[in-house]
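Here is a briefing on one multi-chain model. Look over the sequence and the coordinates first, then read the points below.

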Amino acid sequence: MAVVDWVYDGLLALLVLGLAAGALYSLSLYRAVVFYIALGLVLALVWARLGAPDLALAEAAIGAGLTGVLLLSALKHQPNKARLMGWPWLPGLTGIAILLLLIMMVKAVWGLPQGMAAVGQAALLAVPESGVEHPVTAVLLNFRAWDTLLEVLVVLLALLALRQLTLPDETFPDAWPLLLAWSRLLAPLSLLLGIYLLWRGADAPGGAFQSGALIAAGLLMLRLVGLSPALPWSRFGVRLSILIGPTIFLLAAMATASLGAGWLAFPPDWSKALILLIEVAATTSIAISLALLVGSDSRELNQ
Amino acid sequence: MLWLISLLLLTVMASMVRVVVGPTRADRLLAIQLFGTAGTAVLLMMAYLWGQPALIDAALIIALLAAVITSALVQFLRREHHD
Amino acid sequence: MTEFQLFLGLGLLLFLLGVHGLVLSEHTIRRLIAINVSGGGVFLVMVSLASRGDSVDPVMQALVVTGLVVAVSATAFALRLGSALTRAESSDREGDH
Amino acid sequence: MNWALLSLALPLLSAFWVLLVRRAVSETILFATLVSLTAALAAFYQVQSDPVQTLLLGDWTLPLAIRFELTSLNALLMVLTATIHFLVGLYNRFSRHGSGRYSDYWPLSAVLHSALVALWLSRDLFNWYVTLELLTLVAVALVTLSGPKAYRAALGYLVLSLIASLFYLLGVALLYGEYGVLDLDRLSALAVDSANTRLALLLMVLGLMLKAALWPLYLWLPDAHANAPTAVSALLSALVVKGPLFILWLTLTQIAPVEFAQQLGLIFALFGSVALLSGAWSALRTPYLKTLVAYSTVAQLGYALITLGLLLRWQTPELATALWLFVIAHALAKVSAFLAAGEMQATFGSKELIAVRGASQSMPLAMFAFAVAGGSLIGLPPSGGFLAKWILLQPLFAEPAHWPWALAILLGTLASAAYVFRVVALAFDRYDVETELPQTDALAQWLSLLPALVVWGLALISQPLMLWLSTGANP
């Protein structure tokens with residue numbers, strides 16, 4: 001590798017390390033949060049560097065949007081107790097332990113073979129039969145669709161779990177006019193970009209999750225300035241839009257199993273249409289679930 | 001091109017100093033903004049360098065959503081003065 | 001050493017640092033940041049393993065996308081649970097007076 | 001296989017349905033559970049004629065596909081899951097102290113049911129990671145059902161569970177990095193003894209031990225299980241901690257290099273012996289009734305850990321029969337113990353153990369259920385607990401070199417007898433004559449007795465049971 005590659009990789013690695021250290025060891029909680037948000041951004045750069053644009057997209061939507069809002073909201077409700085654990089000798093001692101462990105782990109993994117994994121090769125070969133052209137989407141919605149079904153379920157479950165809590169009320173000050181105008185522009189843009197990513201997902205990086213996270217961030221933007229409509233759990237439409245993703249996914253699995261093709265085995269003629277249907281439904285569910293997961297309070301959820 | 005990207009990464013590092021030193025929340029907020037802008041620029045250059053149009057989308061997302069964090073910060077923490 | 005090994009090592013280090021931070025901290029937000037730093041480390045290991053070949057392993061990328069979704073959902077719930085806990089405890093304290 | 005899939009999908013579908021329409025919530029879930037139980041029985045019947053059925057999801061070939069495998073062991077575990085879900089559901093519906101007909105307990109418990117079945121069926125390391133996360137979130141959500149007093153315990157449980165998942169995931173990633181596959185059978189065929197494999201397995205073991213609350217990583221369990229609503233405590237103790245144990249057993253027996261497995265086995269067996277005693281000791285000292293039952297789970301998991309350890313140490317797959325008998329017997333007995341304890345706690349209106357003084361007069365049925373369940377926990381013949389212990393002890397008595405382990409197990413038995421009798425003795429204490437007897441709920445007490453009767457009934461079918469387990473457990 002050329003020197004410039006080293007400089008560039010080294011700088012990225014140093015940035016990641018510095019930001020992680022800042023996020024973990026800053027005395028002020030606020031500073032730690034800022035560092036962590038920045039770490040998310042830099043990780044998106046690392047994914048791009050390592051040739052994983054799907055992840056760069058996902059990390060950008062999460063790191064730049066959701067996590068920031070989430071942490072800042074937590075900061076508002078959980079006052080800043082600015083200390084790490086008491087004993088002064090503990091960080092140093094455990095630091096040495098970390099170093100030793102790192103050396104052992106690096107030694108163990110050093111000899112890992114080069115070249116792509118067997119499953120990865122099999123996946124690339126099978127892409128033409130999957131109904132979509134983009135390999136990552138093919139893995140997510142066809143080869144390993146069962147994982148994805150369970151993952152959509154995890155999002156739903158997090159929201160259901162949230163419903164059980166008595167949360168502090170979320171009140172925001174009146175937004176400045178500039179902020180209002182700004183969000184009136186940004187929210188539709190993020191919706192548009194989200195739909196575009198979903199549509200692109202079939203043959204290029206993008207897809208249900210990235211799109212859902214982005215739309216959720218747009219919804220949150222509206223929520224922050226008080227423009228968002230309430231999405232109360234008590235309303236049938238809201239529940240339907242949250243449940244539609246996992247439901248359609250599960251029904252597709254059951255239908256394919258009972259029609260003889262096998263659990264989640266999409267017949268070739270139908271696979272493109274089925275995958276599209278599942279993706280649209282999953283995006284709706286993920287977008288609304290994530291928005292509620294980050295930005296709702298008890299008045300909206302516990303009925 | 002890579003040198004340029006590295007240079008941009010260096011400016012990001014410089015903004016880390018602002019996060020640590022502060023002194024006010026506004027300074028740290030601006031540091032996040034700088035992270036966002038520099039990140040966008042780096043992604044755009046990578047997209048150009050490796051012919052990966054998807055990275056342009058990622059850059060777009062970051063540019064779009066950096067604003068969300070700013071408004072979240074303003075709306076959640078406006079009335080308090082911790083730091 | 002290649003860039004795959006550089007980022008693999010970095011990922012392992014991040015994972016360990018996150019565990020370290022988790023052990024040292026008591027505050028909910030700090031603990032969740034630590035867990036997510038650890039998670040970032042694990043994902044970094046996975047992606048650097050995915051980027052060993054000529055093209056990037058799509059399966060590993062898909063696994064990381066799944067992992068990211070799971071992580072953000074769980075983190076969101078955990079942070080909200082922390083807020084709910086703070087509220088419950090402060091209203092308890094007010095109840096005592 | 002289709003029966004198994006039906007048993008997997010139905011609870012999930014019914015959960016979606018009741019969340020959507022919000023009518024006849026408890027009835028729908030109970031009915032779906034019953035159908036799911038029937039389907040699991042059908043799958044179990046089917047597997048008798050065709051012992052190992054595999055299904056490649058999406059009809060892709062290995063190594064690309066996620067693989068499901070149905071053996072008589074996991075068919076039995078599916079039946080167990082559905083049975084326990086149903087029994088606990090009945091209690092929760094009909095006890096005055098249940099969580100109500102419309103609470104989110106219903107959809108959540110149904111998702112828990114499906115997540116467990118998915119875990120039993122799957123043979124894919126990454127898919128297990130997702131099911132484990134699902135299981136964790138459901139379990140935490142269920143714990144928070146009992147309101148703000150449970151938040152702290154729930155948060156502690158969640159945080160530890162999340163970091164445990166990351167340990168597991170890193171291990172999976174390293175295995176994938178070395179062998180390039182995620183399927184258990186493929187890995188089992190490819191795995192060699194390398195530093196990376198050992199590191200990966202070690203990380204996975206740490207994560208799974210934390211999730212299964214195996215000693216010494218059990219500290220989150222008593223709080224979480226004791227603070228949850230009664231029906232939830234029963235589900236958590238009986239089922240949720242067994243999921244990670246299942247994965248631990250499969251990965252270590254299939255993938256671990258022999259020498260490494262033997263080293264781990266010794267450590268497991270030692271930890272298990274300590275768990276038996278320390279869990280029992282804590283159970284003897286705690287002033288709270290449900291915490292006592294929760295600590296008993298820690299102790300009982302010690303048996304599972306010893307069995308798993310010796311199985312690995314001596315490379316004797318036959319011991320898996322004992323392991324899964326322990327799991328099944330413990331699951332049923334613990335449901336009874338928790339339901340009885342919770343019913344008493346709610347009726348007497350106090351968390352304190354001392355409140356059960358005289359319970360043998362006021363709530364004889366619940367006390368009887370507790371004692372019967374306790375009998376199986378101690379391992380009195382002819383209960384399921386006895387059967388498991390008997391199978392485990394036979395190879396131990398055979399050779400003098402193994403006697404120390406037998407001694408540990410006997411000590412553990414005495415210790416568990418001590419904490420069970422601590423409750424029973426208190427319950428047989430007399431009331432003061434003037435004390436007004438509390439109003440009790442006979443139906444709920446009967447329901448708490450049911451699982452305990454099942455676990456004693458296991459002795460009646462001990463022969464076929466051992467046969468099913470031994471064919472299913474040794475693939």
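**Chain burial, folds and local geometry**

In chain A, 65% of the 303 residues count as buried. The model is predicted. Chain B has 83 residues, and buried ones make up 54% of them.

**Chain A**

- Chain A holds twelve helices and zero strands.
- The C-alpha trace spans about 65 × 55 × 35 Å along the principal axes of chain A.
- Take contacts in chain A between residues at least 6 apart in sequence: 72% of them join residues at least 24 apart.
- Chain A has an accessible surface of about 10600 Å², and carbon and sulfur atoms account for 72% of it.
- Side chains in chain A include 15 positive and 16 negative ones. The centres of these two sets lie 11 Å apart.

**Chain B**

- Chain B has three helices and zero strands, in the order α-α-α from the N terminus.
- Its C-alpha atoms fill a box of roughly 45 × 25 × 10 Å, taken along the principal axes.
- For contacts in chain B between residues at least 6 apart in sequence, 49% join residues at least 24 apart.
- Chain B exposes about 3600 Å², with 72% supplied by carbon and sulfur atoms.
- Chain B carries 5 positive and 4 negative charges, and their mean positions are 8 Å apart.

**Between chains**

- Four pairs of chains are in contact, and chains A and C share the most contacts among them.
- Chain B and chain C have no contact; their closest C-alpha atoms lie 13 Å apart.
- Chain B and chain D have no contact either, with closest C-alpha atoms 23 Å apart.

**Strands of chain D**

- Strands β1 (residues 53–56) and β2 of chain D run antiparallel, joined by four bridges.
- Leu56(D) stands opposite Arg67(D) in β2(D).
- Strand β2 (residues 67–70) of chain D is covered on both faces. Arg67(D) and Glu69(D) are buried on one side, and Phe68(D) and Leu70(D) are buried on the other.
- In a regular strand, side chains alternate between the two faces of the sheet.

**Helix α14 of chain D**

- Helix α14 of chain D covers residues 319–348, which is 30 residues.
- From its first C-alpha to its last, α14(D) reaches 42 Å, close to the 44 Å expected at 1.5 Å a residue.
- Of the 30 residues of α14(D), 29 are buried, so the helix is largely enclosed by the rest of the structure.

**Helix α10 of chain D and Ala231(D)**

- Helix α10 of chain D spans residues 230–240 and includes Ala231(D).
- Eleven of the eleven residues of α10(D) are buried. Among them are Thr230(D), Ser233(D), Ser237(D) and Val240(D).
- Ala231(D) counts as buried because its relative accessibility is 3%, and the cut-off for buried is under 20%.
- Beyond its neighbours within four places in sequence, Ala231(D) is in contact with Val88(D), Asn92(D), Tyr105(D) and Leu339(D).
- Ala231(D) and Leu142(D) are 89 residues apart along the chain, while their C-alpha atoms are separated by 9.5 Å.

**Cis peptide bonds**

- The bond from Trp215(D) to Pro216(D) is cis, with omega near 5°.
- Pro216(D) lies in the loop between α8 (195–211) and α9 (221–227) of chain D.
- The bond from Pro381(D) to Pro382(D) is also cis, with omega near 0°.
- Pro382(D) lies in the loop between α16 (364–378) and α17 (384–398) of chain D.

- Ala213(D) has a positive phi near 55° and is not a glycine.
- Ala213(D) sits in the loop between α8 and α9 of chain D, and at 0% relative accessibility Ala213(D) is buried.
- Leu264(A) is not a glycine, yet its phi is positive, at about 65°.
- Leu264(A) lies in the loop between α10 (236–258) and α11 (268–295) of chain A. Leu264(A) is buried, with a relative accessible area of 1%.

Terms used
Residues numbered from 1 in each chain as written. Chains lettered and ligands numbered in written order. Predicted model: local features only at pLDDT ≥ 70, side-chain atom pairs only at ≥ 80, totals over all residues. Heavy atoms only, no water. Helix = DSSP H or I, 4+ residues; strand = E, 2+ residues; numbered from the N terminus. Buried < 20%, exposed > 50% of the residue type's maximum accessible area, 1.4 Å probe, protein only. Contact = heavy atoms within 4.5 Å. Areas by Shrake-Rupley, 256 points an atom, 1.4 Å probe, with all protein chains shown as cover. Lys, Arg positive; Asp, Glu negative; His and termini not counted. Charge placed at Lys NZ, Arg CZ, Asp CG, Glu CD. Pairing = 2+ DSSP bridges. Expected span 1.5 Å × (residues − 1).
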